[in-house]
Amino acid sequence: MEKTIAYGKPEYFENRELSWIKFNRRVLNEARDKTIPLLERLKFVSIASSNLDEFFMVRVASLKDMLHAGVKKADIAGMDASKQLELVNQDTRELVNLQYSTYNRSLLPLLNQEQIYIIDAYEKLTEEQAAFVDEYFEKEVYPVLTPMAVDAGRPFPLIRNKSLNIAAVIEHKGSGGLFGERAPEDDGVLEEAAAQENGKKEKEKKEDKKEGKKDKKAKPEFATVQVPSGMARLVPVPSKNPEEKVFILLEQVIEKNIDKLFSNYKVVCAYPYRIMRNADFSIDEDEAPDLLKEIQKQLKKRKWGEVIRLEVEEGIDQKLLGFLKEELHIEYKQDIFYINGPIDFTFLMKMYGLAGCDHLRCESYQPQLVPEVMPGENIFEAIQKGDILLHHPYQSFVPVMELIRQAACDEQVLAIKMTLYRVSGNSPIIASLAQAAENGKQVTVLVELKARFDEENNIVWAKKLEQAGCHVLYGIVGLKTHSKIALVVRREEEGIRRYVHLGTGNYNDSTAKLYTDCGILTCSEAIGEDATAVFNMLSGYSEPLSWNCLAVAPIWLRKKFLKLVRRETRNAREGRQAYIRAKMNSLCDQEMIEALYEASTAGVKIELLIRGICCLRAGIKDVSENIEVRSIVGNFLEHSRIFDFCNDGHAEVYMGSADWMPRNLDRRVEIVFPVLDEELKKKVLHILDVEFEDNVKAHILQKDGTYEKIDKRGKVLINSQEIFCREAGEAVPKEDKAYQDRVFVPAEPVG
């Protein structure tokens, strides 16, 4: 009789938040890798810092909300919010300590060896440099600053999320107070009040003397100054040695000259600080009469979100810290991080572009041409020849932009429909869509307003598209539209033909050079029909009874994935060929993990490539011994989602926008699509083959939940990202090498 295993035990799962911290540690480990060029290592310190900011603003904030609301529900690993916060606090402190020790002990000395200096103390400047910095403060910085005193008449100001500030303790120098000596004409008016006040003070002194109390010192006052976010944080300082690059941080310049902001006051001490606010908000969409206005209203509330993290310089004056705690309503010591170095490492990203430092960076990579779509070629004719696979950033994103640009100008095109989740700041796709509407095409665009931290940007684009005459949708109530799909309807001699782009990443020409994603261009009739059904579902109340090819969340996708996993389980038990290979950003859905455990127990070999969060535990006896999990952290952000199911030797391959997370499977509109063309399927399987052989950038999940890099001794080094860069270049015919990946220039800017 077959043993029944309970796969839902809490000990079989990793906590989501702790798994994310492990991911960010892998990012930080790239900064500790001595084989990586120095400026690349600094970049990874910056990325880890930026990641941690968002983690606190969203995930830690959500846990705090649960704690305040008294929610006792445990996660899949058996932890309630209180326990999660305790462990998150512990692990993030270890991560921050590692981050600063890496910077202070490794990266700064290496920068100095390259004659690049970030001055960490004003006293280390030469006299000439100090004079330059003081003059810079007087001419450039001083006019921008607004010192904010805090007293009975001036309440503590709004401190903006993630802004860097300097808090100071100040004391009166003399009797004149903040505005100096009184004018003679004021004496008569205030004489009586002053006498009364002096009499009161004398009486208090006599009473104190009787009780044996010492004379009271002048009461300290507090003030705060925001470090201007619009100014460069790294201030270049001239050096007599032309080979040297010397910088000082803007907050140090302000801190050294802060007394100039408070005339007639003595600055007792001044220290920088920074806060994180709760940036997670929810909207009752059923009750919101206008989603656009409701989101705009919620964005304003984000400015006043609860302070969930305070960063202060190590050694901060305790009175000053007490003042900040009181004014920022910080109750718990675990919300305070004492920083041994510059607060907020995101400024290090600015170091990456230093002139004259090419030897400290990886060689820049230019996305290669797609052989099936050469510059100047008619995109529709190219797609008619057969489905086209796109592999970004190794291959150019231009064909996707060309599809929309050519559709906007093509007289035979009747309609363009797209979903937009995140787009670039000056998006050529937006420009093409606007032009298409102005040219009389029917343009329908779903702009997802609830894309976190892109809400304001998306609102701007939505309004501009509406002004150009596009039909703009704001999504389905209660769901985020995360799918990546574009549909072009064209009248041709044979009749109406639909051209479709489906992808794993956003329609963002900027991130397409940084994120690894896949997509296909097709005019398959079956996929075209499904694409039409998707947009009818998004714009109306249509709910298809069946699909030709696509699997769509939130209704159908979970069932599809579970069916595919369970088929492999059944095949393994019946002695047929069975395996599962899947690549995604995150895996934390309990039902999917339990299905994988059951498949593993049945003998299915499972290989998972999970960049970020993974709540599955590998190597559990009799549960997950057949599961291997790896994570690749490299120069490009791994973002594609690819799924390969053996199907008894007849592999089924899918790509799409969805991870195996509850939000993707149940609360978002997602699309997963099959790779139908056999030649394209081979190319996609090759991508997985190479990534599962990577032994340079891959980390392997161990039984104890840690991740370790592969021992490379005696092995041929395989860096998947470098291989794909090389292969993309080799795929371009020699006669086309003269073409460079041209800059896409929209026909006309929007608005």
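1. Two strands pair if DSSP finds at least two bridges between them. Strands (E, at least two residues) and helices (H or I, at least four) are DSSP runs, numbered from the N terminus. In this structure, strand 7 (residues 265-277) and strand 8 (residues 307-313) run antiparallel and are joined by five bridges. The bridge partner of R274 is E311 in strand 8.

2. The model is predicted: local features need pLDDT of at least 70, side-chain atom pairs count only at pLDDT 80 or more, and totals for chains, interfaces and linings use all residues. Residues are numbered from 1 along each chain as its sequence is written, and side-chain values use heavy atoms, with hydrogens and water left out.

3. Six strands form an open sheet with mixed pairing, in the order 2-4-3-7-8-9. Its edge strands are strand 2 (148-150) and strand 9 (336-339), each pairing on one side only. Neighbouring strands of this sheet are turned by 30° against each other on average, direction ignored. Axes are lines fitted to C-alpha atoms, for helices over the stretch in contact, and angles run from 0 to 180 degrees between N-to-C directions.

4. Helix 3 has 33 residues and spans 46 Å from first to last C-alpha, close to the expected 48 Å at 1.5 Å a residue; the expected span is 1.5 Å times one less than the number of residues. There is a kink of about 35° at L107, shortly before the proline P109. The bend at a residue is the angle between axes fitted to the seven residues ending there and the seven starting there. Q115, with a positive phi near 60°, follows helix 3.

5. A further open sheet has three strands in the order 1-6-5, again with mixed pairing. Strand 1 (116-119) and strand 5 (234-237) each have a single partner strand, so one side of each is left without a neighbour in the sheet. Strand 5 and strand 6 (residues 245-249) run antiparallel through four bridges, and P236 has F247 in strand 6 as its bridge partner. Helix 4 (residues 127-141) lies across strand 5 and strand 6, at about 135° to strand 5.

6. Helix 11 (residues 398-409) packs against helix 12 (residues 428-438) at about 20°, with the axes 8 Å apart. The two helices are therefore roughly parallel (angles under 35 degrees). Residues meeting across this pair include M401 and I404 in helix 11, and I429 and L433 in helix 12.

Note on methods:
Contact means heavy atoms within 4.5 Å. Angles under 35 degrees count as roughly parallel, over 145 as roughly antiparallel, 65 to 115 as roughly perpendicular and the rest as oblique.
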